[in-house]
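Subject: Structure handover

Hello,

Here is the structure I promised to pass on. Please open it first, then read my notes below.

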Amino acid sequence: MSKALDGVRILDFTHVQSGPTCTQLLAWFGADVIKVERAGAGDITREQLRDIPDVDSLYFTMLNHNKRSVTIDTKNPEGKLVLEALIQKCDVLVENFAPGALDRMGFTWERIQELNPRMIVASVKGFGPGPYEDCKVYENVAQCAGGAASTTGFDDGPPVVSGAQIGDSGTGLHLALGIVTALYQRTQTGRGQKVLAAMQDGVLNLCRVKLRDQQRLERTGTMKEYPQYPNGTFGEAVPRAGNASGGGQPGWILKCKGWETDPNAYIYFITQAPVWAKICNVIGKEEWATDPNYATPAARLPHLKDIFGEIERWTMTKTKFEAMQILNKYDIPCGPILSMKEIAEEPSLRKTGTIVEVDHPTRGKYLTVGNPIKLSDSPTEVKRSPLLGEHTDEVMAELGYSHEQISAFRTAGAI
Ligand SMILES: CC(C)(COP(=O)(O)OP(=O)(O)OC[C@H]1O[C@@H](n2cnc3c(N)ncnc32)[C@H](O)[C@@H]1OP(=O)(O)O)[C@@H](O)C(=O)NCCC(=O)NCCS
């Protein structure tokens, strides 16, 4: 079966996490992703957080499936010639170097346009134009600068960063959308363009509801769905909301049976208004369904702490899975707090290809997260990440170089 991005060639200059998540998605959709790495070392993540000596780390393998690897010294004059040939052959150049690095290599936007006016040049940077544009940025810096950290955690504690890599993988997703959009526009204009996804912007986009709340707070001085209401105080900025739900349906994380020893024996419970009477029945507080202090969403807001306390007395008598099963029968929205172990072992995620077992020549079998986006006409087949420089000769031959020329480039240290 054909793939959505068949025929699209990506010159992949990405490293670490943000850029590689983007090009991995494009590869899963069928693009030919040629990852350019430094000879001898490669993407720094190959050797970071290794669990097996001298073997590509899970960090690298899980971010670079379905790609080909070529090693080119981009600072070597002959290496630059090879890169020029690649730029002429590819549709998209994706990079997430520190600001200015591509220009310092000699590949400015103008030079790339000279070589290939159809080339789309896509970049992840920490910040867009402004006071921080020259800064190097990693995941947690972006979470802090994009508004996620100041709005995550509990009111009486420090800002907290999330386990979800919204700065890196989140920005990679944004960039991938920018790239396919630019490819689509190119079908009309015939021209390439620059695509920029700044990590601060990507995180802020995911924190959109918190900027909504900032303006609500400034207008009204309070926000009734926040745990600070009605007894706490609101300051000038959106406070940390603990585990409160983002929208108008109050929710909280509650203990389940076994919480004393299992750090994940918890359930997220939402007191959705239409099922309030059912919630009262399940937890044995039938009188709350008609009591004017509890019967309406507005009446309940000042009592949320007591309400969740009472619901928790019930959830603590059930495992999170038992509670889930009972509550779902009544359409009461809830979600078990799943550990990574439970997710890795979940059969339904294996069945959909969201969790995939991959075989690797030096590592053996390992688990990875497959393509979370499912296309009915472009199925994803997850293939192992490339070894360093595994495809250098193959790609050089596709560029039209002879055996002798490839050997000469190698002798010159270009590849
Ligand atoms: C992630 C980041 C902080 C890492 O910084 P770093 O390890 O110092 O790496 P840099 O991006 O500065 O690149 C290092 C150098 O390697 C060089 N290099 C990269 N590939 C090369 C190759 N194949 N051959 C020769 N040189 C190469 C670059 O030209 C650059 O050289 P220069 O500084 O002399 O111009 C930085 O790349 C960054 O801020 N990127 C943008 C934001 C981002 O994506 N962050 C999230 C990462 S998950």
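Start with Glu398: its relative accessible area is 39%, so the residue counts as partly exposed. The classes work like this: buried means under 20% relative accessible area, exposed means over 50%, and partly exposed is in between (1.4 Å probe, protein chains only).

Some ground rules. This is a predicted model, in which local features need pLDDT of at least 70 and side-chain atom pairs count only at pLDDT 80 or more, while totals for chains, interfaces and linings use all residues. Residues are numbered from 1 along each chain as its sequence is written, and side-chain values use heavy atoms, with hydrogens and water left out.

Salt bridges

Glu398 has a partner. Its side chain meets that of Arg68 in a salt bridge, 2.9 Å from N to O. This pair links distant parts of the chain: Arg68 sits in strand E3 (residues 67–71) and Glu398 in helix H16, 330 residues apart. A salt bridge here is a side-chain nitrogen of Lys or Arg within 4 Å of a carboxyl oxygen of Asp or Glu. Helices (H or I, at least four residues) and strands (E, at least two) are DSSP runs, numbered from the N terminus.

Is Arg68 buried or exposed? Arg68 is buried, because its relative accessibility is 12%. The Arg68 side chain also makes a polar contact with the side chain of Asp32, at 2.8 Å. A polar contact is a pair of N or O atoms within 3.5 Å; within protein, one must be able to donate a hydrogen and the other to accept it, and residues adjacent in sequence count only if both atoms are side-chain atoms.

By the salt-bridge rule, the count comes to 22.

- Glu114 bridges to Arg111, with the closest N and O atoms 2.7 Å apart. Both lie in helix H5 (residues 109–115), three residues apart, about one turn of the helix. Glu114 is exposed at 61% relative accessible area. Arg111 is partly exposed at 25%.
- Arg313 bridges to Glu310, with the closest N and O atoms 2.9 Å apart. They are three residues apart in helix H12 (residues 304–315), so about one helical turn separates them. Arg313 counts as exposed, at 54% relative accessibility. Glu310 counts as buried, at 18%.

There is also a network: salt bridges that share partners join Asp32, Arg68, Glu394 and Glu398.

The enclosed strand

Now look at strand E5 (residues 120–125).

E5 has partners. Strand E4 (residues 92–95) pairs with E5 in the parallel sense over four bridges. In that pairing, Val92 stands opposite Ile120. Strand E6 (residues 194–198) also runs parallel to E5, joined by five bridges. There, Val124 stands opposite Ala197. Two strands pair if DSSP finds at least two bridges between them.

The ligand

Which residues come nearest to the ligand? Of the 23 residues around it, they are Arg38, Ala98, Arg104, Lys136 and Val137. A residue is near a molecule or strand if one of its heavy atoms lies within 4 Å of it.

A backbone N or O atom of Ile72 lies 2.9 Å from a nitrogen atom of the ligand. For Thr74, the distance from a backbone N or O atom to a ligand nitrogen is 3.1 Å. For Phe97, it is 3.4 Å. On its own the ligand has 940 Å² of accessible area, and the protein covers 84% of that. Accessible areas come from the Shrake-Rupley method with a 1.4 Å probe; for residues, only the protein chains shown count as cover.

The surface and a loop

Leu173, Ile373 and Leu375 form a nonpolar surface patch, with about 230 Å² of accessible area together. Patches are made of residues with over 30% relative accessible area and no salt bridge; like charges are joined within 9 Å, nonpolar side chains (Val, Leu, Ile, Met, Phe, Trp, Tyr) within 5 Å. Leu375 lies in the loop between strand E11 (364–369) and helix H16 (392–398). Leu375 is partly exposed, at 34% relative accessibility.

Last, Gly247. This residue is in the loop between helix H9 (208–220) and strand E7 (251–255). Gly247 is partly exposed, at 35% relative accessible area.

Best wishes
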